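Here is a quick tour of a model, with the cut-offs spelled out along the way. Have a look at the sequence and the fold before reading on.

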Amino acid sequence: MRHSSGLFLLCALTLLAGCAELSKGEPTTWYAAHGGVAPREMGRVVVCHGFGCHRKTAFTFGPADIARMKKLVGNGSAEDERAGVRRMIAWAETRVAPTVGSEDDVGGLDLRNSGVVGQMDCIDEATNTTSYLMVAQEAGLLKHHRVGSPVSRGYFLDLRYPHATAVLLGEDEAWAIDSWPAANGVPPDVMPLDTWFAQSPARP
């Protein structure tokens, strides 16, 4: 029994290490694997919704939007920038909502809304948050971070429901930018990626 427990722990730690390493990769790999479309022009994104990126809606952030993003992100320390990213992601969700139909997107686990226009699971949220972050990065708004690849935790085998998050890479630490737990337009959870991996099962 001790041998089995030790083997399980080793496998879990190996898996987490692999996910942490994946976060350092390019987001384009995530888009290809999950059906999303990476931003290809300044300000143009494809918003995923309907769960698992089943539905896609194009949206373009214009010059005025980029200026608003710049004001929200600010020009302070790395900590200030992460706080600004929270504000910017919340704003971006409300900005795209009338076009996407996501004004009433429910936060957290709500499987009844699978396939519904404007409703988003964690794959949609991680993909969209990454897209908004990439727009900010391409506009030169991120001074202390760069956008990493989204990562997942929970594989049923470790008794946790699968869950994904967008990632920002700082100078010495990776950060989870998790917009899934709360409803549309609410600032995302921001925490060290190691802390995010260690959290309990994704909450409803």
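## The salt bridge

A salt bridge here is a side-chain nitrogen of Lys or Arg within 4 Å of a carboxyl oxygen of Asp or Glu. This is a predicted model, so local features need pLDDT of at least 70 and side-chain atom pairs pLDDT 80 or more, while totals for chains, interfaces and linings use all residues. Residues are numbered from 1 along each chain as its sequence is written, and side-chain values use heavy atoms, leaving out hydrogens and water.

Searching the whole structure turns up 1 salt bridge. R95 pairs with D65, with 2.8 Å between the closest N and O atoms. The partners sit 30 residues apart and link distant parts of the chain: R95 is in helix α4 (residues 78-100) and D65 in helix α3. D65 counts as buried at 9% relative accessibility, and R95 is partly exposed at 32% (buried is under 20% relative accessible area, exposed over 50%, partly exposed in between, with a 1.4 Å probe and protein chains only).

## Two faces of α3

In helix α3 (residues 63-73), D65, I66, M69, L72 and V73 are the buried residues. They lie on the same side of α3 because they cover an arc of only 120° around the axis, taken from the directions from the helix axis to the C-beta atoms. The face turned away from that side carries exposed P63, A64, K70 and K71.

## The chain overall

The protein chain has 6 helices and 7 strands (DSSP runs: H or I of at least four residues, E of at least two, numbered from the N terminus). Of its 204 residues, 48% count as buried.
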